[in-house]
Amino acid sequence: GVVPMEYVLMNVSHYLMFAFSDSHRALDRIKDEETRQLLQLGLRAMQIAWGQADALTRAVEKRPED
């Protein structure tokens, strides 16, 4: 109850965005195909988590006040 849940969810989404962006830049520099594929899988999972965090943030923002 110290930090509003909406603020925490927004931060999660922003940090996922930063991590995705940084990881995608790293992907562009990787020459080894096996390593590239592994990072691509991680980036896909990160995109899914990012989408879920955004959806949860919107749901929390729209909920009726307690």
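These notes cover the helix packing and the aromatic pairs of a predicted model.

1. **Helix packing.** Helix α1 spans residues 5-29 and helix α2 spans residues 33-62. Their axes come within 9 Å and cross at roughly 160°. Angles over 145 degrees count as roughly antiparallel, so α1 is roughly antiparallel to α2. The crossing of the two helices is left-handed.

2. **Contact make-up.** Sorted by class, the contact of α1 with α2 has 18 nonpolar residues. It also has 6 polar and 5 charged residues.

3. **Aromatic pairs.** How many aromatic pairs does the structure hold? There are 2. Each is described below by the distance of the ring centres and the angle of the planes.

4. **Tyr-15 and Phe-18.** The ring centres of Tyr-15 and Phe-18 are 6.0 Å apart. Their planes stand at 80°, so this pair is edge-to-face. Both residues lie in helix α1, 3 residues apart, or about one turn of the helix. Tyr-15 counts as exposed, at 57% relative accessibility. Phe-18 counts as partly exposed, at 44%.

5. **Phe-20 and Trp-50.** Here the ring centres are 5.8 Å apart and the planes are at 50°, so the pair is tilted. Phe-20 belongs to helix α1 and Trp-50 to helix α2. The pair therefore ties together parts that are 30 residues apart in sequence.

6. **Burial of the second pair.** Is Phe-20 buried or exposed? Its relative accessibility is 15%, so Phe-20 counts as buried; the cut-off is under 20%. Trp-50 has a relative accessible area of 22% and is partly exposed.

Conventions. Residues are numbered from 1 along each chain as its sequence is written. This is a predicted model: local features need pLDDT of at least 70, side-chain atom pairs count only at pLDDT 80 or more; totals for chains, interfaces and linings use all residues. Side-chain values use heavy atoms; hydrogens and water are left out. Axes are lines fitted to C-alpha atoms, for helices over the stretch in contact, and angles run from 0 to 180 degrees between N-to-C directions. Helices (H or I, at least four residues) and strands (E, at least two) are DSSP runs, numbered from the N terminus. Angles under 35 degrees count as roughly parallel, over 145 as roughly antiparallel, 65 to 115 as roughly perpendicular and the rest as oblique. A crossing is left-handed if the near helix is turned anticlockwise from the far one by less than a right angle, and right-handed if clockwise. Ala, Val, Leu, Ile, Met, Phe, Trp, Tyr, Cys and Pro count as nonpolar, Asp, Glu, Lys and Arg as charged, and the others, Gly among them, as polar. Rings of Phe, Tyr and Trp (its six-membered ring) pair if their centres lie within 6.5 Å; planes under 30 degrees apart count as stacked, over 60 as edge-to-face and the rest as tilted. Buried means under 20% relative accessible area, exposed over 50%, partly exposed in between (1.4 Å probe, protein chains only).
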